[in-house]
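Please keep the structure in view while reading.

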Amino acid sequence: MGKGTATIVTAAVAVLTLTACSTNETSPETREKISSAVTSTEEVTSGGGFRSSIEASASSLASSIGGAWDQAKLTAFVAAFRTAYPNLASDRDDQSIETILEDTCADIDANTSEQELVTKVTQRATNGGTVPTDDQARHILQLVKATCP
């Protein structure tokens with residue numbers, strides 16, 4: 001936690017302390033909450049354990065969201081491919097269509113040339129004897145580019 005954040009937390013604890021102490025009727029429960037807040041603040045500002053705990057939780061959450069997002073993108077790509085190219089999607093399972101996306105994204109990451117990408121998409125999208133036209137392959141490539149992470 002940065003010094004600015006620690007200062008804000010410390011100031012907030014001080015305000016709570018002053019507010020609670022300004023009344024003559026500070027209950028033991030309120031004193032315990034203040035003591036706990038001060039202890040937590042000291043741990044945050046000195047130990048860093050709180051920060052690492054938050055970072056670990058955030059990382060875990062981001063990872064699970066990322067997995068769900070990736071699956072959502074795969075599902076959307078498969079649906080778009082099936083809708084736009086029923087003859088290329090006929091008798092194909094979802095995994096076969098997902099592979100078009102995954103392998104082409106890997107090629108894009110490897111800085112494969114545009115023409116080579118079109119050629120590879122043509123090969124991957126071919127379904128039995130049904131070969132996508134050059135325009136179809138280019139459109140599929142655009143769908144892939146829009147979907148890649």
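Helices here are DSSP runs of H or I with at least four residues, strands are runs of E with at least two, and both are numbered from the N terminus. The model is a predicted one. By that definition, the secondary structure of the chain amounts to seven helices and zero strands. Read from the N terminus, the order of elements is α-α-α-α-α-α-α.

**The chain as a whole**

The chain has 149 residues, and 24% of them are buried. Taking the contacts between residues at least 6 apart in sequence, 56% join residues that are at least 24 apart.

**Helices α5 and α6**

Helix α5 covers residues 94-109 and helix α6 covers residues 114-125; their axes come within 10 Å and cross at roughly 165°. Because angles over 145 degrees count as roughly antiparallel, α5 is roughly antiparallel to α6. The crossing of α5 and α6 is right-handed.

Which residues meet where these helices touch? From α5 come Ile100, Asp103, Thr104, Asp107 and Ile108. On the side of α6 they meet Leu117, Lys120, Val121, Arg124 and Ala125.

**Aromatic residues**

Two aromatic pairs turn up in a search of the whole structure. One of them joins Phe81 and Tyr85, with 5.7 Å from centre to centre and 55° between the planes, and this pair is tilted. An angle between 30 and 60 degrees is neither stacked nor edge-to-face, so the pair falls in the tilted class. Phe77, Phe81 and Tyr85 together form one aromatic cluster.

Are Phe81 and Tyr85 buried or exposed? Phe81 has 0% relative accessibility and therefore counts as buried. Tyr85, at 6% relative accessibility, also counts as buried.

**Thr147 in helix α7**

Helix α7 spans residues 134-147, and Thr147 lies in it. The relative accessible area of Thr147 is 14%; buried means under 20%, so Thr147 is buried. Which residues does Thr147 contact, leaving aside its neighbours within four places in sequence? They are Lys73, Phe77 and Leu101. Phe77 is also a member of the aromatic cluster with Phe81 and Tyr85.

The table lists the accessibility of three residues discussed above.

| Residue | Relative accessibility | Class |
|---|---|---|
| Phe81 | 0% | buried |
| Tyr85 | 6% | buried |
| Thr147 | 14% | buried |

Key:
Residues are numbered from 1 along each chain as its sequence is written. This is a predicted model: local features need pLDDT of at least 70, side-chain atom pairs count only at pLDDT 80 or more; totals for chains, interfaces and linings use all residues. Side-chain values use heavy atoms; hydrogens and water are left out. Rings of Phe, Tyr and Trp (its six-membered ring) pair if their centres lie within 6.5 Å; planes under 30 degrees apart count as stacked, over 60 as edge-to-face and the rest as tilted. Buried means under 20% relative accessible area, exposed over 50%, partly exposed in between (1.4 Å probe, protein chains only). Contact means heavy atoms within 4.5 Å. Axes are lines fitted to C-alpha atoms, for helices over the stretch in contact, and angles run from 0 to 180 degrees between N-to-C directions. Angles under 35 degrees count as roughly parallel, over 145 as roughly antiparallel, 65 to 115 as roughly perpendicular and the rest as oblique. A crossing is left-handed if the near helix is turned anticlockwise from the far one by less than a right angle, and right-handed if clockwise.
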